[in-house]
Amino acid sequence: MSSAFSRLFLLATSVTSAMASCGSLTHLFPRAEGEEVPISTFGYTGAIGPVLWTQLNTTANGLCSTGSNQSPIDMVEGQFQLIPASDTELTIPDVPEGATFENLGSTVEVVMKGLGGTFVLENNNFTLQQFHFHHPSEHIDNGVSLPMEMHLVFSSETGNIAVIGVYVDLVDSPQNVSEARLTRRQTPSTLLETIFGSVGEIATPGTSTTTKPLVMSELVDTLKTGSFQRYAGSLTTPPCSEGVAWSVSTEKLMLSRATFQAARDVIGFNSRFPQNALGDENVLALAFSGAAAGAPATGQAANTTAAHRRRVARRTRTQ
């Protein structure tokens, strides 16, 4: 790993983030036994959408509009370090008894706390807490958006967070018998088909059910055949805490169109818009400075605008 990425990754595993998933109110927060499934107070459109997350709680959510290492991002060369997944320690046992599947309003989540999933990064042990889904994908795959993205959220004993992102694409059904014989048939993920097979049971936010047995080894085997695109970013929901160790897989999971439609109808639209390149100014801060261009900038707006002008000047001198 290059020295720059090594420093960045060490930062990600040394910063204690607020205990949220890329979805707050999840099982990263301890709940009392029998407590009802909490419903998220943020959303993805209108007055509770990503543009105004900071306004929902100006004290806690400030980084949503000021952070310079925010997620999700466009996964293009130079933004990540490519690591063979086979070189990582990732273990997720099968769940023959099924797992709790719940609707938080902001996403649907499978609770994995206490079921033994582990991920080792830079000699730091992370434990799988839950995984959830975004529609469409939050990360952009070199300019391309995918139908869904799965986030496996791990935490360490010290409260650090690591997330594995997995794109979900759709299986194209052959139009006729001849096409079926000539085209190599893609196979939907048994794991995803099993999980979303019961999504209709949690169509209402605040409800939960138990999945059928989950074969997590299918997921691990798939991930191990590819690589992880690693970078240090943030939670993709409030409070947008930075220092999150992201590993976006180069391998995709496949889903049948019928099952995707059933999941989409429950999940709805729940993706944060792509953020600026890592280290660049927050897109909302830039928008604010642009809106204030005709008036004297003060406070943070002045600092943001000045920093942007310095960066543009440096780029101009090197051209």
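Mentor: Let us begin with strand β10, residues 227–234, which is mostly covered: eight of its eight residues are buried. This is a predicted model, in which local features need pLDDT of at least 70 and side-chain atom pairs count only at pLDDT 80 or more, while totals for chains, interfaces and linings use all residues. Residues are numbered from 1 along each chain as its sequence is written, and side-chain values use heavy atoms, with hydrogens and water left out.

Trainee: What makes Gln229 count as buried or exposed?

Mentor: A residue is buried under 20% relative accessible area, exposed over 50% and partly exposed in between, using a 1.4 Å probe and protein chains only. Gln229 has 9% relative accessibility, which is under 20%, and is therefore buried. Gln229 belongs to strand β10, where a strand is a DSSP run of E of at least two residues, a helix is a run of H or I of at least four, and both are numbered from the N terminus. Leaving aside neighbours within four places in sequence, its contacts (heavy atoms within 4.5 Å) include Phe80, Leu82, Trp246 and Val248.

Trainee: Which residues of β10 point one way, and which the other?

Mentor: In a regular strand the side chains alternate between the two faces of the sheet. In β10, Ser227, Gln229, Tyr231 and Gly233 point one way, while Phe228, Arg230, Ala232 and Ser234 point the other way, and all are buried.

Trainee: Why is the link between Cys64 and Cys240 called a disulfide?

Mentor: A disulfide is a covalent bond between the sulfur atoms of two cysteines. The rule applied here asks for a pair of cysteine sulfur atoms within 2.5 Å. The sulfur atoms of Cys64 and Cys240 are 2.0 Å apart, so the pair qualifies, and the count comes to one disulfide. Cys64 lies in helix α3 (residues 63–66) and Cys240 in the loop between β10 and β11, so the pair ties together parts that are 176 residues apart in sequence. Both cysteines are buried.

Trainee: What makes Asp141 and Lys252 a salt bridge?

Mentor: Side chains of opposite charge can pair when their charged atoms come close. The rule requires a side-chain nitrogen of Lys or Arg within 4 Å of a carboxyl oxygen of Asp or Glu. For Asp141 and Lys252 the closest N and O atoms are 3.5 Å apart, so the name applies. Asp141 lies in the loop between β6 (124–134) and β7 (148–155), and Lys252 in the loop between β11 (242–249) and β12 (253–255), 111 residues apart. Asp141 has a relative accessible area of 22%, and is therefore partly exposed.

Trainee: How many salt bridges are there under this rule?

Mentor: There are two. The other joins Asp265 to Arg264, with 3.2 Å from N to O. Asp265, at 57% relative accessibility, counts as exposed, whereas Arg264, at 32%, is partly exposed.

Trainee: Why are the buried residues of α6 said to be on the same side?

Mentor: In helix α6, residues 216–224, the buried residues are Met216, Leu219, Val220 and Leu223. They cover an arc of only 95° around the axis, which puts them on the same side of α6. The arc is that of the directions from the helix axis to the C-beta atoms.

Trainee: Which residues touch the most other members of the largest nonpolar core?

Mentor: A nonpolar core is a set of buried Ala, Val, Leu, Ile, Met, Phe, Trp, Tyr and Cys residues joined through side-chain atoms within 4.5 Å. The largest has 43 residues, of which Phe133, Met150, Leu152 and Phe196 touch the most other members. Strand β8, residues 161–170, gives the most to this core, with five residues. A second, separate core of 14 residues includes Tyr231 and Val248.
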